[in-house]
Amino acid sequence: MEDSEQPRNQLSEGDFMRLLMKHEPALRAFSRSLLPDWNLVDEVIQEASLTLWEKFGQLESESGFLPWAKVVVRFKCLSAIRDLGRDRHVFSEGVLELLADEAAEMDVEDHAQAMRALRVCLAKFSNPHQELLLAPYSGDGRVRDLAIKSGKSANALYKLLGRLREKLSGCVHESIAREGLANGI
Amino acid sequence: MESDQLIHRYLIGEATAEEVAALDGLLAADPELRRKLIFEAGTDARLREIALERVADESAEKMAPVKVSFLSPVSLLSIAAGVVAFLGAYLWTASLKPEVVATLVSSEGASWESSLPTLPGSKLTAGSLNLTSGMATIRFRSGAEVVLEAPANLVLETPMRGKLLAGAAVIDVPDEAIGFIMETPDSYAVDHGTRFAVSVDEKESHSAFEVLEGEISVHHPVTGEEVRLSGRQSSTVSGDGMVKIDGPLPEKTLASTKGRVRIDASPGAFSVVGNNEVEYLHSDFLMAKKSLPNEAFDRRSLFTFDLTGFDPDRYASAGILLNLVPTGIGYAAHLPVVNRFQIYGRAGEAGPVDGSLPRWETVAKPEECELLGTFEIPRSQKRGTFGIETPELMAFLKAHPTGRVSFLLVRETLELERGGLVHTFASDSHPASSGPVLEFYQKPKSDHDTE
């Protein structure tokens, strides 16, 4: 590290990688609530991880990593949106600030719990529906490919995808609520 | 358009400028909708993670390297060499997974029939494992661990999916493998982070699930039923539906002998050989063989039951049971994969009544008897209980209600080469196994066994 200040913690490079790997999914979910697409999320996360590394010495303890990282990621997100200018479909600054404040509350446990619920819920869908639900992340034009393959219009398939996502979301919500009850929360 | 659908359109990148502006207005005014957007953005991130895992799995099968983290090693070069090495190794090992679904962790006294490797430590690709004896522990690549108890047949499908076709297994699913699916012929269980037991009774087309710890959901695709099981709850599944049990499965009971009468063969069951040379026979065994090129080494067996004073009319069905015991005479490899046996019946004695030695040409021949049923034995099988339970047998017994009835056992399938295995069943004088048995049932035997 080139930082002339003495680090405030005894954490090693290995600790940094471990913390970054551990919290990367939650940081990614946080950025996604602010940014309009995944390419931008990936860029911001790359940039933010460099900044986090450079300033790692300032972190006082492991437990402070996620809130600290969210501050850095939030700054990077808002700055990336400003760079986009007005030609992209993005939310207004006021809404972004509100979303950033509210999204910052989600922690790593929430993410892990939601991931468990999502895996269970996704498994309940038929294979073609699972394929459609995952298509938006499997490369550009994947949903359109599926439309051609199934002989449906892309529009119809996007509508179906919207309904499936809503159903999936309902299942995840319900499952988390039930798990919360089971844990006495 | 509903605000929920607007959120989904926004997240999948399909929303128009007007729709984004409309959503922005709604979000500004509605904290509940903002929470919804944050939640859906999280789901979007997690769905992407799952999509990426699947791409990585598919690519691993093709041995193509795939980036599984979004942190590119290039930008991390500027962090520190040591960290990059760590991350590089992480990416490399995560992306270059071989085409492996599971690992065989250990086995205890296991014997297998499988095209997959069966040495402990072996990496297993998708395929079927048939555990014929002993126990084995298989760890799916997702982390789900299956302890299999013989006799069992497990199909490895993907790191997150297996299918138990027969037998019993205890499955331990760590957090990272939540969503692991264990199918059975009629149903499937989705794991919610837990330890559970599953058993499949192939003959009865029946499966049972029991949660030992945590929670699972069991689904019946035909009826659409779904039950969630937690704590020590359990459920049984058959072709027509599921039953949820608020507690562990009842302790299994052995088939009741109520309503069943067993008659042992009369002393003196015997075999004959085509060349009538007694050294090819043994009083402990009832032999069956059909050989090439002539009948010289053929064996047939005969046994008699005494039904004096017995009334078959009081019973609904009857069966003949024979215990196959190995002797090692001949090569199983010289037989067809599956061998068929016939049981014939006739009234009266099986052999000579004057005390002389039975001879091939003088004892009952198939053409002089009534065919009552057939059964099959795979050539690989050297032990087990086999027999028939047919309407023909019951009709035969009812037609000869008193006195003695005899049965002739013949192997119908020919050996493929000379020196084939001689099938040997315990005779009434066998020191360890029971000789032929005739059983009468008040209900058909299949109903008895489910009691």
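**How chains A and B meet**

Visitor: What makes E102(A) and R34(B) a salt bridge?

Guide: In this predicted model, the closest N and O atoms of E102(A) and R34(B) are 3.0 Å apart. The cut-off is 4 Å between a side-chain nitrogen of Lys or Arg and a carboxyl oxygen of Asp or Glu, so the pair qualifies.

Visitor: How many salt bridges are there between chain B and chain A?

Guide: The count is 8.

Visitor: Which element gives the largest share of the side of chain B that touches chain A?

Guide: That's α3(B), with 19 residues. By class, this side of chain B has 28 nonpolar, 14 polar and 17 charged residues.

Visitor: And how many residues are in contact?

Guide: 59 of chain B with 59 of chain A. The two chains bury about 5,700 Å² between them, 65% of it on carbon and sulfur atoms.

Visitor: Over to chain A, then. Why is α3(A) called mostly covered?

Guide: Buried means under 20% relative accessible area, and 14 of the 20 residues of α3(A) are buried.

Visitor: How do you know what span to expect for helix α3 of chain A?

Guide: You take 1.5 Å times one less than the number of residues. Helix α3 (residues 65–84) has 20 residues, and its reach from first C-alpha to last is 28 Å, close to the 28 Å expected.

Visitor: What follows α3(A)?

Guide: G85(A), with a positive phi near 80°.

Notes. Residues numbered from 1 in each chain as written. Chains lettered and ligands numbered in written order. Predicted model: local features only at pLDDT ≥ 70, side-chain atom pairs only at ≥ 80, totals over all residues. Heavy atoms only, no water. Helix = DSSP H or I, 4+ residues; strand = E, 2+ residues; numbered from the N terminus. Buried < 20%, exposed > 50% of the residue type's maximum accessible area, 1.4 Å probe, protein only. Contact = heavy atoms within 4.5 Å. Buried area = accessible area lost by both parts, 1.4 Å probe. Nonpolar A, V, L, I, M, F, W, Y, C, P; charged D, E, K, R; others polar.
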